[in-house]
Number of protein chains: 2
Amino acid sequence: MNAIIVGTGLIGGSMAKDLRCKYPEASIFGMDASEAHLEEAISLGIIDGIAGSKEFSEADIVIVSIPVDAIVKELPKLLDRIGDDSLVIDAGSTKSEICSIIADHPKRRNFLACHPIAGTEFSGPSAAVTELFAGKTNIICEVEKTAFKLQERALSIFSRLGMRIRYMNPEAHDRHIAYVSHLSHISSFMLGKTVIEKEKNERDIFDMAGSGFESTVRLAKSSPAMWTPIFQQNKENVVETLDEYIQNLEAFKQKLIANNFEGIYNEMDNTNKIKLILKGIPQNKDR
Amino acid sequence: MNAIIVGTGLIGGSMAKDLRCKYPEASIFGMDASEAHLEEAISLGIIDGIAGSKEFSEADIVIVSIPVDAIVKELPKLLDRIGDDSLVIDAGSTKSEICSIIADHPKRRNFLACHPIAGTEFSGPSAAVTELFAGKTNIICEVEKTAFKLQERALSIFSRLGMRIRYMNPEAHDRHIAYVSHLSHISSFMLGKTVIEKEKNERDIFDMAGSGFESTVRLAKSSPAMWTPIFQQNKENVVETLDEYIQNLEAFKQKLIANNFEGIYNEMDNTNKIKLILKGIPQNKDR
C-alpha cells in the first residue's frame, strides 16, 4: 500500500494513523502547504517523508484533506501527477464545486468524491488520532464516475477503517450538510461572539458557565481557514438554513415577549424528539 | 445529618447521593410532586422515605430542587414547616424572583439562595449521579441575609461536595446567567427545530450528522417543564441576549450574501479565543 496524504492535519493525519495500523506494510508520504506541519507529521511518524514524483506515480491512494478552496485549486494538478492506476479521494465538507471542477479532467475516473463525517474542533498533525473514522459515515458522491476497480479499492480501505458508506449526489449532499453541520458551526461561533462581546469586561463571569455552554460553543474553536471556504462554496444553502434558524429564534423571542409560555413549552417539547435522532449518531470514542 | 430533598430529580437526587457518601450517617427523606418519582427515588436508595412534619422540624438541610415556578410557590410554605435551626437552600437557575418572594418571610434567615452550575440534559431520579458537583461553581446570592451559623453549615456541606463558591447579587446573577446558560438552551432548541423541520421527510439525513451537530443540539434534550419557567422569570434578560444573538447571526448572514469572506474569516478568528475561556470550565467527569 503506497499512500500519499495531501494535508497532514486532523483528517489526513488520522487517516494515515489508521492506514499504518490496518496496513502495517504501508509506505505513507505527505504534502502540506505548511513546512512546519510537514516536519511535525514526519517527527510524529504520521508520514515517512515528503511525496515526490516517484511516490505520485506509484500511489495506490492519494488522500486530499485540505481546505475546500485549496481542493478546488490543487485537485486538478494532483490528478495530473498520479499514475494511471492511482486512486485520489478528498475529504471536503462541500461536494458540488469540487465535483464540477474535475468533471472533464482526463483522470476523472481516478477520483472518488468523499466526505467522511468525522472530526474534532482541533487541527494540525498533533490533532490526529487513531480510529477517528470507526463507526462514522462516509458520504460518497458520483460513485458512477469512478473506475470500478478504484471504487473497490476505496471501499475496501473504508471498510478496514470501520466507516459506513452512504451514496448521494453532490447537490443533495451540500443541501443537507448545510443543516446538520454548517449551520451548527455558525450557531456556535455566533453564540461565542455574543457572550464574549457582552462579557468582555467581566472575566469572572465565565465562572458561571457550565458544561452546557461548553457543549454549545465547542465548535467555535474550529479553524476559520477551513470553515470560511466551506461557507463560501456552500453559500446558497448556508444562507437559506441560517435564514430559517434566525426566523425560528425570532419567533421564539416574540413568544417570550407576548408571554406565550404555553407556546414556548410546546416549541421545546416538540424539539425534544431530537433525543431519538441523536441516538443514531456515532460518537468519538474519547469524547 | 438530617436532610430533606424536595424534588428528587437530577439535581436533588445527585445531591442526595453525594450526601450519603460524604455523611454516611445521614438520614435523607424526600418530597416530590410526582408519586412515581418518589417511589423511584426510594427504590434507587436516593431517599430513605417520604418527609413528614417530624423530618421537617428536625432537618439540618432542606434542598429545594424543583422547577423555578414551583420554588416560588412552595418555598414560603417549606419555610413555614421547618424548625428554627433548619437551613433551606434552593438550586434554581433564576434568583431575583425567588429572593424577592421570601424577602419578608419570618424565616428568611433560614434560607440560602444558591445556583449550583451543574447538570446534564437528563432528568428524573434515574438521572442522578455521584460527584456531579465536584469542581463546579455554586453561586450564592444575598449571603448576608442568611443566619451566620447556617451559612457556615451550607459552606461546610458545599466544601465536602467539592464546589467552589461565588457570591453575587440576584440581579447580576440573572443578567449574566442569561448569556452563559439560558441563551445556549434557546440556541440549541431552535437549531434542533430548524433541522427537524427541514429534514422531517428525510430520515436518512441524520446519518450525515456528526458529533459536532450532537454537541450543539445536546441541550435541546432538556426538560421543557424546567426551562419554560426559567425563561418566564428571566424574560427581560433572555429577550435581550436573544436579540443580540439574532443580530449577530443576521450580520453574519449579510456578510455571506455580500461575499465578504474576509469579514466571515475575521468573525470566526476573533471568536476562536473562546478556547481560552472554555479551558476554565470544569467538565462532568463522565463526559
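Tutor: Two strands pair if DSSP finds at least two bridges between them, where strands (E, at least two residues) and helices (H or I, at least four) are DSSP runs numbered from the N terminus. This is a predicted model, in which local features need pLDDT of at least 70 and side-chain atom pairs count only at pLDDT 80 or more, while totals for chains, interfaces and linings use all residues. Residues are numbered from 1 along each chain as its sequence is written, and chains are lettered from A and ligands numbered from 1 in the order in which they are written.

Student: How many bridges join E7(A) to E8(A)?

Tutor: Chain A has twelve helices and eight strands, and eight strands form an open sheet of mixed pairing in the order E3-E2-E1-E4-E5-E6-E7-E8. Strand E3 (49-50) and strand E8 (164-168) stand at its edges with a single partner strand each, so one side of each has no neighbour in the sheet. In E8(A), Arg164(A) is the bridge partner of Thr137(A). E7(A) and E8(A) run parallel, and the number of bridges joining them is five.

Student: At about what angle to E1(A) does helix H1 of chain A run?

Tutor: Helix H1 (residues 10-22) of chain A lies across strand E1 (2-6), strand E2 (27-31) and strand E4 (61-64) of that chain. Axes are lines fitted to C-alpha atoms, for helices over the stretch in contact, and angles run from 0 to 180 degrees between N-to-C directions. On that scale, the angle of H1(A) to E1(A) is about 165°.

Student: Is Asn259(A) buried or exposed?

Tutor: Asn259(A), in the loop between H10 and helix H11 (261-271) of chain A, has a positive phi of about 55° although it is not a glycine. A residue is buried if 20 or more other C-beta atoms lie within 10 Å of its own, exposed if 12 or fewer, and partly exposed in between, with C-beta atoms placed from the backbone. Because Asn259(A) has 11 other C-beta atoms within 10 Å, it is exposed.

Student: Which element of chain B gives the most residues to the side that touches chain A?

Tutor: Residues are in contact if their C-beta atoms, placed from the backbone, lie within 7 Å, and 83 residues of chain B are in contact with 83 residues of chain A. Among the elements that give two or more residues to this side of chain B are strand E7 (137-141), helix H8 (211-217) and helix H12 (274-278). The greatest contribution, 20 residues, comes from H7(B).

Technical notes:
Contact = placed C-beta atoms within 7 Å.
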